[in-house]
Amino acid sequence: NLPPPPPNALDPLRLADTSILEGALTTAGFKAVTIERLQVVFEFESAATFTQFRREVSAPFRALLERQTPELREQIISAVTEAARAYAGADGKVRTSNETILFAASN
């Protein structure tokens, strides 16, 4: 029941549109802006480890959990952990493929 973030909110996913940061760097006086997309695989020992990682690195997820009753918080954590199991290999490790975008510029 969280509202969506404001349209111009700073969010890592918003930078998937590389023109935003490229424009900011150019406006700030940087030249020769280079952008490279790189595939990265995250590996977690288990689905529970994945969920713990999300709790540690995702401020919106933490905010969602903090607003819930303890019972609902546990239901959400269980649902996320169960969904992460779909990405587990035979060894039980969860692997997710991600894209990172690298920016370089000179001034």
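What follows is a short chat about a predicted model of one protein chain.

Q: What secondary structure does the protein chain have?
A: This is a predicted model, and its chain has 4 helices and 2 strands.

Q: In which pattern do they follow along the sequence?
A: The pattern reads α-β-α-α-α-β.

Q: What radius of gyration does the chain have, and what would a compact globule of 107 residues have?
A: The protein chain has 18 Å, while a compact globule of 107 residues would be near 13 Å.

Q: What box do the C-alpha atoms fill?
A: Taken along the principal axes, the box is roughly 50 × 35 × 15 Å.

Q: How many of the residues are buried, as a percentage?
A: Buried residues are 17% of the 107 in the chain.

Q: And what about the surface, which atoms supply it?
A: The chain exposes about 7800 Å², and carbon and sulfur atoms supply 57% of that area.

Q: What share of the contacts comes from residues 24 or more positions apart?
A: Counting contacts with a separation of 6 or more, that share is 69%.

Q: Switching to charges. How many positive and negative ones are there, and how far apart are their mean positions?
A: There are 11 positive and 13 negative charges, and their mean positions are 3 Å apart.

Q: Now the rings. How many aromatic pairs does a search of the whole structure find?
A: The search finds 4 aromatic pairs. One of them joins Phe42 and Phe44, with ring centres 6.4 Å apart and planes at 85°.

Q: Why is that pair of Phe42 and Phe44 called edge-to-face?
A: Their planes stand at 85°, and an angle over 60 degrees counts as edge-to-face.

Q: What does Phe44 form with Phe53?
A: Phe44 and Phe53 make a tilted aromatic pair, with 5.1 Å from centre to centre and 50° between the planes. Phe53 itself is partly exposed, at a relative accessible area of 27%.

Q: Which residues do ring pairs link into a cluster?
A: The cluster consists of Phe42, Phe44, Phe50 and Phe53.

Q: Next topic, Phe61. Where is it?
A: Phe61 lies in helix 3, which covers residues 59–66. Phe61 is buried, with a relative accessible area of 13%.

Q: What does Phe61 touch, not counting residues up to four places away in sequence?
A: Phe61 touches Thr51, Arg54, Arg55, Ile76 and Val80.

Q: How far is Ile76 from Phe61, going by C-alpha atoms?
A: Their C-alpha atoms are separated by 10.0 Å, and the two residues are 15 apart along the chain.

Q: You mentioned Thr51. Where does Thr51 have its place?
A: Thr51 belongs to helix 2, residues 47–57. Thr51 is buried, with a relative accessible area of 2%.

Q: And what is Thr51 in contact with, leaving aside neighbours within four places in sequence?
A: Thr51 is in contact with Phe61, Ile77, Val80 and Thr81. Val80 is also touched by Phe61.

Q: Last one. How far apart are the C-alpha atoms of Thr51 and Asp11?
A: They are separated by 20 Å, and the two residues are 40 apart along the chain.

Definitions and conventions
Residues numbered from 1 in each chain as written. Predicted model: local features only at pLDDT ≥ 70, side-chain atom pairs only at ≥ 80, totals over all residues. Heavy atoms only, no water. Rg over C-alpha atoms; globule rule 2.2 N^0.38 Å. Buried < 20%, exposed > 50% of the residue type's maximum accessible area, 1.4 Å probe, protein only. Contact = heavy atoms within 4.5 Å. Areas by Shrake-Rupley, 256 points an atom, 1.4 Å probe, with all protein chains shown as cover. Lys, Arg positive; Asp, Glu negative; His and termini not counted. Charge placed at Lys NZ, Arg CZ, Asp CG, Glu CD. Phe/Tyr/Trp six-rings, centres within 6.5 Å; stacked < 30°, edge-to-face > 60°.
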